[in-house]
Each structure stands twice: as C-alpha cells, then as structure tokens.
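Have a look at the model before reading on.

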Amino acid sequence: MTEIASDPDAALKGVADGATVLVGGFGTAGQPVELIDALIRTGARDLTVVSNNAGNGDHGLAALLAAGQVRKIVCSFPRQSDSWVFDALYRAGKIELEVVPQGNLAERIRAAGAGIGAFFCPTGVGTPLAEGKETRTIDGRDYVLEYPIRGDLALVKAHVADTRGNLLYRKTARNFGPVMATAATTTVVQVDRLVDAGAIDPEVVVTPGIFVDRVVVCPASTELAEEGAAG
Amino acid sequence: MTTATIEQPDRGPLTRTELAQQIAADIPPGSYVNLGIGQPTTVADHLAPDSGVVLHTENGMLGMGRAAQGDEVDPDLVNAGKVPVTETPGAAYFHHADSFAMMRGGHLDVCVLGAFQVSGTGDLANWHTGEPDAIPAVGGAMDLAIGAKDVFVMMTLFDKQGRAKLVPSCTYPLTGVGCVSRVYTDVATFDLTPDGVVVTATFGTTVEELRSRLDVPLLAG
C-alpha cells in the first residue's frame with residue numbers, strides 16, 4: 001500500500017550508501033527538487049544517479065552532485081548551458097559518466113519495471129555507444145542487446161496523487177516519471193496536491209498506485225498548483 | 001523519383017531563413033514531424049498554418065505549438081531544447097518510453113536534424129566531436145536518426161575552415177548508419193539514393209563546381 005509521508009525527510013528514510021537512484025525530470029521540468037534536497041540531507045554517499053540530464057544551475061540534481069554524494073551518473077545529455085557543476089566534476093575526474101541514448105534510457109528503465117530480461121534495440125547500431133555489445137540481425141535489420149536499468153530508489157515529481165497513490169502529471173513534466181515509478185524497489189513521489197481516493201477519474205490515472213510506495217505533498221511555489229484534479 | 005537538377009549559379013547561397021523555408025515546403029501536409037534542437041527548430045516558423053503538420057517533441061508531446069511568450073511561459077511545458085513552448089488544440093502528452101516508441105516504431109514521418117558530417121551513403125555524425133576534452137552528450141539523436149521514416153539533415157555544406165561536411169566516410173563518431181535520406185544545405189540540396197548522391201538544386205554554385213569541392217561522386221538529374 002502507498003504510504004503518505006509527512007515531509008520529504010520522512011519519505012526518504014533508509015537510503016543506503018551505494019544506492020542506485022532514478023531521478024525524474026527533463027532539465028528542470030518534472031525534477032523532484034524537494035526530494036533531492038532531502039536526499040542530500042540523508043548524507044547517503046557513493047550513489048549512482050540515473051537521470052536524463054546532469055543538473056541545471058546550482059539547485060536540485062546539481063546540488064546533489066556538488067555535495068559529492070554521487071559516484072556515477074547515467075544520463076543521455078549531461079552537457080547543457082547551465083551544467084557547470086557536472087562539467088567541473090567531470091573534468092576533474094570526480095564523477096563517472098555513462099552516456100545512454102535517450103530512448104534507450106527510457107526503454108531500459110521500462111524493461112526493468114516490466115520484468116523484461118533484456119531487449120534488442122536498433123538505436124546506436126554501428127556507433128561508439130554500441131561497441132562491445134552483443135548484436136543480432138532480425139528480419140534483415142541489425143539490433144543491439146540492451147539490459148534493464150533498475151533502481152533501489154526512484155524520485156518522481158507528479159502533479160496530483162490520491163490516497164491510493166494514483167498519479168496525474170502535468171504537461172511535459174511527465175517525461176520519465178511514469179517509467180521510473182515502475183522500476184525501483186522504493187518509489188517516492190512528490191506531488192503538488194493530495195486528494196481523497198475517488199477524486200481522480202479512474203479513466204485518466206497515468207501511474208496506478210501499485211507502483212508508488214510513498215507520497216509526500218510539496219506544494220508548488222506558483223499558482224500552477226491550482227489546476228483541477230483531472231487537469 | 002528523379003527530377004531535373006535546378007542549378008541557380010546566379011543567385012547567392014540560401015540564407016538561414018530561406019533554408020528553413022525550403023525544408024518546410026518539402027514536408028508533406030499532415031506529417032508527424034520532429035525538429036531537432038537548434039537550427040531545425042526554425043523550420044516550424046515556416047510551416048503553412050493549413051499544412052496539418054503535427055510537431056512531436058521527444059520530451060513527451062504531440063501538437064507542440066510555437067515558443068511561449070510572456071504569461072504563456074510555463075516551466076512544465078518545454079521543448080527538447082528546454083525552451084518554453086505552447087500547446088495546440090488536439091495536443092497530447094505522454095511519457096518518455098511512449099515518446100521514443102513513436103520514433104523507434106517508425107511512426108514519425110520526418111525528422112530534421114543538424115549534422116557535423118553526413119556520408120554519401122547516409123551515415124550521420126552529429127553528437128560528438130570526439131575531441132578529448134569534449135563532454136559527450138547524445139540526447140535523443142541516435143533514436144531519432146534510426147526511427148523517423150525520413151531523416152532530413154539541415155546544415156552548411158562547408159565548415160568554417162572550408163572543409164566539406166558531405167563526405168565519403170564520416171570521421172566524427174557516428175550517430176546512425178545509412179539513415180539520412182536528404183541533405184539541405186546553403187549551397188545545394190541532395191537526395192541520398194541507392195544509386196548515389198543526387199544533386200537536386202544548387203544555390204550560387206553549379207554541379208560542376210560542387211564536384212570539384214566534394215570528394216563524394218555527384219549525380220545530376
């Protein structure tokens with residue numbers, strides 16, 4: 001059953017050193033900043049972070065990297081105009097980087113959540129990112145064998161949750177949230193708003209509560225949280 | 001499909017705007033289209049309002065509208081370049097695995113990408129210069145390159161040092177193999193066909209002059 005946590009620190013109890021953490025977001029859209037701040041406060045070290053980017057500016061994921069708690073990051077697009085924290089750590093040899101094509105990142109996480117052992121994918125065939133990987137020709141097309149990415153912990157930002165853990169997202173802040181929620185031993189979700197079971201139309205639930213272990217309300221700092229539950 | 005090469009030596013090279021217009025005019029009405037980060041994004045400005053083209057953005061949206069202005073800016077609504085955008089009537093949101101299934105599964109009609117180099121056989125290099133101090137970042141480029149039914153490249157034909165970017169074999173790390181179908185540049189457009197590289201138009205130059213500057217054999221229609 002989904003547990004409703006009183007605050008982000010309570011939601012992140014028991015994070016172990018060396019954990020693999022799936023962190024939602026595409027740049028800052030959908031980045032679970034309050035949960036990342038709480039992860040920093042746990043002091044957990046030697047983390048492997050899986051996220052599309054490697055932090056923006058000095059907040060959220062960038063702050064986690066700056067705190068020296070991340071040993072390795074798995075992402076598709078680390079280099080951005082405001083990724084100076086990551087850039088400096090990488091150039092100093094203080095963080096390990098695994099670059100994964102964005103669709104492979106999503107599908108490898110999806111595969112973990114869906115119980116798929118591995119899959120053959122056409123992305124990256126003949127490129128440096130497929131070097132050393134098993135390949136196979138199926139019906140005349142070449143594919144690369146890709147393995148799932150599973151997390152010990154997933155940190156996700158959604159818009160609205162009900163007390164059963166059913167989730168709605170908002171616009172392109174959805175991005176990796178629904179797949180990451182399925183792929184971790186413990187999935188923690190921060191939401192703008194919590195509503196009673198029954199207040200979300202079952203037809204429009206995006207992430208069913210079975211994938212959600214803990215929910216914590218972190219009201220958005222803007223008026224955007226005023227949107228309707230079905231919006 | 002072979003049409004006569006249109007040589008226009010007496011005009012200048014295409015401006016960036018003209019290049020974007022050229023590509024927009026060649027996108028079939030009603031297509032599902034992904035425009036890459038940077039220059040390709042400008043193609044959207046030249047699509048006819050009645051074209052029925054639906055724009056896909058990798059971060060989970062179909063029916064993406066123009067860039068957001070003023071009060072329209074919403075941090076939860078951005079494009080692949082993380083620029084705030086708007087939604088159009090009939091837009092849809094979806095998660096990343098669905099978004100990339102649209103590419104990989106062959107559902108997108110056209111994508112337009114920038115390039116460092118393209119080979120005559122359609123290999124694409126656009127994600128990494130391979131320089132030792134460069135931080136590699138691939139994003140969705142590899143998935144798009146092998147996924148869309150037609151991959152159009154939008155680039156200058158020569159780099160700042162005057163070196164051709166349409167080459168017999170890419171020297172930069174590859175993004176995809178044999179995936180590019182058409183190359184739009186400031187001085188010429190090319191169809192990459194099983195028979196070879198066909199020059200379909202020139203701007204401020206001739207096929208003869210291009211043959212002297214490129215190491216790729218050129219066919220003219």
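A salt bridge here is a side-chain nitrogen of Lys or Arg within 4 Å of a carboxyl oxygen of Asp or Glu. By that rule, three salt bridges turn up across the interface of chain A and chain B in this predicted model. Take Arg170(A) and Asp74(B), whose side chains meet in a salt bridge at 2.7 Å, N to O.

Sorted by class, the side of chain A that touches chain B has 21 nonpolar, 14 polar and nine charged residues.

As for the overall numbers, the contact takes 44 residues from chain A and 36 residues from chain B. The two chains bury about 3,300 Å² between them, with 62% of it on carbon and sulfur atoms. In chain A, the residues losing the most area to chain B are Phe26(A), Lys171(A) and Thr172(A), together 20% of what that side buries.

Now the sheet. H5(A) also lies across E6 and E8 of chain A, at about 165° to E6(A). Those strands belong to an open, antiparallel three-stranded sheet in the order E6-E8-E7 (chain A). E6 (119–121) and E7 (135–138) of chain A stand at the edges with a single partner strand each, so one side of each lacks a neighbour in the sheet. The twist averages 45° from one strand to the next. Three bridges join E6(A) to E8(A), residues 141–146, and Phe120(A) stands opposite Leu145(A) in E8(A).

Methods: Residues are numbered from 1 along each chain as its sequence is written. Chains are lettered from A and ligands numbered from 1 in the order in which they are written. This is a predicted model: local features need pLDDT of at least 70, side-chain atom pairs count only at pLDDT 80 or more; totals for chains, interfaces and linings use all residues. Side-chain values use heavy atoms; hydrogens and water are left out. Contact means heavy atoms within 4.5 Å. Buried area is the accessible area (1.4 Å probe) that two parts lose on being put together, summed over both. Ala, Val, Leu, Ile, Met, Phe, Trp, Tyr, Cys and Pro count as nonpolar, Asp, Glu, Lys and Arg as charged, and the others, Gly among them, as polar. Two strands pair if DSSP finds at least two bridges between them. Helices (H or I, at least four residues) and strands (E, at least two) are DSSP runs, numbered from the N terminus. Axes are lines fitted to C-alpha atoms, for helices over the stretch in contact, and angles run from 0 to 180 degrees between N-to-C directions.
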